[in-house]
Amino acid sequence: MPDVQNPTISVRTEYPGVAPEEMENLVTRPLEASVSAAPGIYRINSNSAEGSSNIRIQFDWGVNLDEAANEIRTRLDRVRGTLPEGVLPPTVFKFDTSQFPIMFLAVSGDMEPRELRTLLEKDIQPRLERVAGVAAVDIRGGLRREIHVTLSTEKLRSYNLSVNQIVDVLRRENQNRPVGPMDEGKYEVLLRSQGEFEDVGQINNVVVASRNGVPIYMRDIAQVSDTHEEIRQIVRIDDKPGVRFSIRKQSGANTVTVAEKVREELQRLEKAFPGLTIWPIFDSSRFITQSINNLRESAIWGSILAILALLLFLRNIRSTLIVAVSIPITIIGTFLLMYTYGFTLNTMSFGALALGVGMIVDNAIVIIENIFRHREGGLTHAEAAVSGTSEVAGAITASTLTSVAVFVPLVFLAGMSGIMFKQLAYIVGFSQAFSLLIGLTLVPVLCAKYLRVRPPDAKSHPWMSKIILVSGRALDTLDENYQRSIRWALLHRKTVLLGAGLLLAGSLALIPFIGFEMMPQTDESEIRVNIELSPGTRVEVTDELSSRIEAIIKREIPEMTHLLIEVGGGGWMSSSTHNSEIRIQLVDISKRRRTSPQIVDALRPKLNIQPGMIVRVRPSSNNFMMRRMGGDNSDRISVEIRGYEMAVAADLAARVKDIIDTVPGITDSTISRREGMPEMLITVDRAKAASLGLNASDIADTLETVIGGRRASQFRKEGEEFNILVRLNQEQRANIGQLQNVTVVTPSGQAVAIGDLVNVKRREGPVSIERQDQERMVRVTAGYTKRDLGSIMRDIDERLSGMTLPSGFSFYYGGEYEEQQRSFNELLFSLILAIILVYMVMAAQFESLRDPLIILFSIPLAAIGVLLALFLTDTTFNMQAFIGTILLAGIVVNNAIVLIDYTNLLRRRDKLLLRHAVELAGRRRLRPILMTTLTSVLGLLPMALGFGEGAEVQAPMARVVIGGLTTSTLITLLFIPTIYTMIEERGLREKAPAREGEAEAAPEPLQPIGAD
């Protein structure tokens, strides 16, 4: 996709130890109020959790994010002094799509997990981060080295020691400090005290205290072990414990280029470390490359089919080659535009090239066909080139300008749709303009020099001569039949109008059977499974459940190639022990019978193996990134419940979820507000503590050390640093009753049990509080399958419309549906403006307001083919299809322009009667009209078939254009002459009553044979 900068700024503020409601009132609301009036803001979302406030400010597309960030910082500075004491300064940062990994690398080696992790951090990670374009490399899995000092409560009590004393001793003993310089002769020598531990065994010999002159060593009260950090994350790759790298690219760097350089570095690493194996388990550049390759092949095959269609009609190799040469020249010229404006080769730009392949020969076709006809009429090469080109120059200029005009609104749209399709608009528009230049200059020159109209000699080339004669007769018969059809249509004009109206009405009746969504679903050969258990669930429990689901996945998905499981994270930016994420890599789509959505639908019902767990299964798609750029979350369906009272909101959310679950096709519905994490609230008896010379901080530090462990110092070895962690042993911190026996030493040296100084109370931990536009909010989200977003949302709206809401509460629809509505409104405005611009261009070309109005009747006729193509191919109407519709507004009028322009020329130059001119113009312009339509349709056919990975993105656009152009052309051939004669005859009657005979009585028709 094109590089899109999401106009979002986040503000993070920390206030340690403060509950969510206090964070909302004391921090979040004042900050929201201060930034809400900043210019260009579209939406403000916030989340207040314990000790932290996160505000997400979304701006209108097109806003300069650097200026917006400066404005936000200025407004935050104004209220910083009013925040409570102890609040850390707010941090402002911009959202960047480079935060998402572009590659996941799996690592395995013939060494134990701790050594493997140390090697990766010391040698491999720095080398990968030095690769050009790589911003950061994150490691998950393995075991990180850590020195544990495990204390015993009984021994501490017997020696009258506290855990805080142990931490302080380790910090003081493990230090290298400069003492200062001293003179030694004529030199100055720097003295340095060396006290850092050089060996883990030295920690055992540290003197902690002395009793009656007898030293107490660390080994007397604690067990020192060289081990690893507590396991809170587990990574398994293909059923084996492993380590996973995630590669993030720098902002603005090309994904494919960065991935290629990373793969090159991996080859060098395997040579440098023979016992190490690193391979990509997920590579987003692979899908991008395959998508672009598919589009390139579509463009090549489209060009070949278009050239074959030309050869069929022209029956002349030289004329076909003259037209065909405009394709590579125009594409090369378009590459120059892309280089000048810094466009990248992405699915949009390559799709634009493939889209324009069939249309860039249209101008050359009309010109060369006209030149060919003049040459057959006896003119010389130069005369035919000049006359043939000048005769149609106005018509092809007008038709090209209409094709270019439809993209002008897209270029100036500031919304997401405008940004996404801006490159497509530039490329298609420029290629059309460049093809006009080639058609008016190069094609006549080549025709004057190389065009030959003599058929091949029957004796030298009998088969070729016979084919040309037979095809010539067939085309002549087609011309004659079309002329007869025009004559019939002019004699039965009401029937033609009624038939066109019925076809249009019948196609409009198909609308309820056509789905609507924002973006087409793509198959990236990957499936994601997210598992969420109750908050506070231990990582071992989560891992056991993940293993059971892993076994089901292996049994149900034979198309699987790799399986990556991350327990204790639920994603690359989280580390909750109750979450787990599974990535399933599939074989290429060409090697399997089921698509990834079909596999997901079959897998989903088999994964709900335990009550209380939330399992979400979805195919990986580029839509995930699109939705992250365009919306507040990655969920396709989102119902937002706004109101102040949290209990009432929770009840409403549960009712909404139950209602949504009744809608057919809904999957994975969840409520954003989770139940609280269980916690033990420890309250210090300040009076007792103060009487012993203690304070709440002393007790909190002690508890922190014995339970979670405190990093007392760093153990340095070979340039690496490892934490020295002090904590109680596992048995003595297994339950809260044992922790109450932990002692804290008073300033007088008396050891006091913590249980005598604190009160313990169990409660549910506070939940986070979401807000949107300065209102509290709960979000009910869901996915869907086997249906389209539009019909799903209609059903949801019908069911929720009868729901009674308490005072102060309201519903809003967010997620992808909200962004779809915004984008469709922008594109609808663009379509209306495009039609107006097309009319203005034609009015300027024809110097008339009437003829362009006649030509505009071609546009609604295109709706017949659009709706029929979407219905027959089971394609949803999405942003790509909408762009195709806008493009149709500019190209379906081309045939009518050529037809009416030549009719006016015959009436003006040759003084033909109205109906004679219509019949003759139709006969002479039938072949170029059919050729331009056929080349455009065949040029888009490979893209419309949608074969290969990523082809789903551009297929709707191609199908819409093919359907609309085909039906519009076929109907236009009879409908436009009918409308034209009706309006012109009316004008003739009004302007010249004496010529009413021409308008009332049809003249003798031209004879089909020899009419030319």
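A crossing is left-handed if the near helix is turned anticlockwise from the far one by less than a right angle, and right-handed if clockwise. In this predicted model, local features need pLDDT of at least 70 and side-chain atom pairs count only at pLDDT 80 or more, while totals for chains, interfaces and linings use all residues. Residues are numbered from 1 along each chain as its sequence is written, and side-chain values use heavy atoms, with hydrogens and water left out.

Helix 9 passes helix 10 in a right-handed crossing. Helix 9 (residues 284-314) packs on helix 10 (residues 317-324) at an angle of about 145°, and their axes are 9 Å apart. Axes are lines fitted to C-alpha atoms, for helices over the stretch in contact, and angles run from 0 to 180 degrees between N-to-C directions. Helices (H or I, at least four residues) and strands (E, at least two) are DSSP runs, numbered from the N terminus.

From helix 9, Ile307, Leu310, Leu311 and Leu314 make the contact (heavy atoms within 4.5 Å), and helix 10 contributes Ile317, Ser319, Thr320, Val323 and Ala324. These residues comprise seven nonpolar, two polar and no charged. Here Ala, Val, Leu, Ile, Met, Phe, Trp, Tyr, Cys and Pro count as nonpolar, Asp, Glu, Lys and Arg as charged, and the others, Gly among them, as polar.

## Helix 14 against helix 30

Helix 14 (residues 381-405) and helix 30 (residues 879-909) have axes 9 Å apart and pack at an angle of about 155°. That angle makes helix 14 roughly antiparallel to helix 30; angles under 35 degrees count as roughly parallel, over 145 as roughly antiparallel, 65 to 115 as roughly perpendicular and the rest as oblique. The crossing of helix 14 and helix 30 is right-handed.

On the side of helix 14 the contact involves Glu391, Ala395, Ala398, Ser399, Thr402 and Ser403, and on the side of helix 30 the residues include Gly890, Ile897, Asp901, Tyr902 and Arg909. The residues of this contact divide into eight nonpolar, five polar and three charged.

Arg925 is placed in helix 31 (residues 914-945). With a relative accessible area of 0%, Arg925 is buried (buried means under 20% relative accessible area, exposed over 50%, partly exposed in between, with a 1.4 Å probe and protein chains only). Not counting residues up to four places away in sequence, Arg925 touches Glu369, Asn370, Arg373, Glu391, Val392, Val898, Leu899 and Tyr902.

Phe59 is found in strand 3 (residues 52-59) and counts as buried at 1% relative accessibility. The C-alpha atoms of Phe59 and Pro7 are separated by 5.3 Å, although the two residues are 52 residues apart along the chain. Leaving aside neighbours within four places in sequence, the contacts of Phe59 include Pro7, Ile9, Tyr42, Leu65 and Ile72.

## Aromatic pairs

Rings of Phe, Tyr and Trp (its six-membered ring) pair if their centres lie within 6.5 Å; planes under 30 degrees apart count as stacked, over 60 as edge-to-face and the rest as tilted. By this rule there are nine aromatic pairs. The rings of Phe430 and Phe434 are stacked, because their centres are 5.8 Å apart and their planes at 25°. Both residues lie in helix 16 (residues 416-450), four residues apart, about one turn of the helix. Phe430 counts as partly exposed at 28% relative accessibility.

Phe513 and Phe871 form an edge-to-face pair, with 6.3 Å centre to centre and 70° between the planes. Phe513 lies in the loop between helix 18 (493-508) and strand 17 (526-532) and Phe871 in helix 29 (residues 858-872), so the pair ties together parts that are 358 residues apart in sequence. Phe513 counts as exposed at 61% relative accessibility, and Phe871 as partly exposed at 37%. One aromatic cluster is formed by Phe516, Phe824, Phe877 and Phe882.
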